[in-house]
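Colleague: I have a structure open and would like to learn how to read it. Can we take a few features in turn?

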Amino acid sequence: MNQSLRDGKRAGEFIPPEGVPITFAIASLGTRFGAQFLDILFTTIATIIIAVVIVFTGVLPESAQGMLMVLLGFLVQTPYYILSELIWNGRTLGKRITGIRVINVDGRRLTPHQVTARNLMKEVEIFAPMSLLASVGYQSAWENGLTSLWLLVVVVVPFTNRRRQRLGDVIAGTLVVDNPRSVLLSDLAVSAPAAASAQPAFEFLPEHLDVYGKYELQTLEDVLRDSTKTANHTEIQQIVRTITRRIRYEDAVKPGQELTFLNEFYRAQREHLESLKLFGTLRENKYHQYARTEAKRLI
């Protein structure tokens, strides 16, 4: 993953096998702290409510109540973080409010193993030290020293990490990024320079357009909307080479015509996918020819 600065923020750029770059802004530590504060607030409120209900209803004997109270924080927090990030694709309530999310560090789909690993590490990194701090007056000097050292390591790691990862993210292979905000832009198929031309410079056959799906079309649209990428940009040239090789396009794309090729391919691909959709055929991505279970494994 390449990294750079974009609008004053750290940005990570993934280049998937098809060569089309995807850029994410790495979430700031302040935003992550805000999300964590909100999640702790929500889980604390839920824990207190459950504890009050158990005590006042008397559904458990006193000995069982005492044991449950000790474990209640873990029993509420851990399922909350894991289930939230699994159901909402890398987001808890706090992350949804602050506009950030967890993603796989290589740009692929976030797996249940990664979500579980990073959130179990949260117990070791955050909640266990917080409990130890609460009992600092009852611990020996060396126990207080070890607790302080561990807290120092937990705090220092995100500040010294270029991707702002905490230990759980490093172990799970995840990254916290700003959630892209949806903005209604002009129709690229209408505003593209190629649309104004009566005679397209490139012709695409149905077999050329049967390779890719909706995901690749949306990714190509993001690239074409990036005004910083000109025809002689190395990424644009690489994308053209990847697409022509993948769709087995035999005509040469002359230097300087790369953006024209991509705009016309985008327009033709979009028309092709929309016509298929009219007849009930949806193509989510380039793995559409595989069975659904096999496609999920390949993504």
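Colleague: What covers the buried residues of α5?

Modeller: First, the ground rules. This is a predicted model, where local features need pLDDT of at least 70, side-chain atom pairs count only at pLDDT 80 or more, and totals for chains, interfaces and linings use all residues. Residues are numbered from 1 along each chain as its sequence is written, and side-chain values use heavy atoms, with hydrogens and water left out. Now your question. The cover includes α1 (29-57), α4 (112-134) and α6 (167-172). Helices (H or I, at least four residues) and strands (E, at least two) are DSSP runs, numbered from the N terminus.

Colleague: Which residues of α5 are buried?

Modeller: Buried means under 20% relative accessible area, exposed over 50%, and partly exposed in between (1.4 Å probe, protein chains only). An α-helix has 3.6 residues a turn, so residues three or four places apart point the same way. In α5, the buried ones are Asn144, Thr147, Val154, Val157 and Pro158. They sit on the same side of α5 because they cover an arc of only 160° around the axis. That arc is taken from the directions from the helix axis to the C-beta atoms.

Colleague: Which residues are exposed on the other side of α5?

Modeller: Ala141, Trp142, Leu149, Leu152, Phe159 and Thr160.

Colleague: How do I read strand pairing? How many bridges join β4 to β5?

Modeller: Two strands pair if DSSP finds at least two bridges between them. Here five bridges join β4 (residues 100-104) to β5, and the two run antiparallel. Ile100 has Asp178 in β5 as its bridge partner. Strand β5 (residues 174-178) is mostly covered, with five of its five residues buried.

Colleague: Is Asn104 buried or exposed?

Modeller: Asn104 belongs to strand β4. Asn104 is buried, at a relative accessible area of 7%.

Colleague: Which side chain does Asn104 join in a polar contact?

Modeller: A polar contact is a pair of N or O atoms within 3.5 Å; within protein, one must be able to donate a hydrogen and the other to accept it, and residues adjacent in sequence count only if both atoms are side-chain atoms. The side chains of Asn104 and Gln114 make one of 3.2 Å.

Note on methods
Contact = heavy atoms within 4.5 Å.
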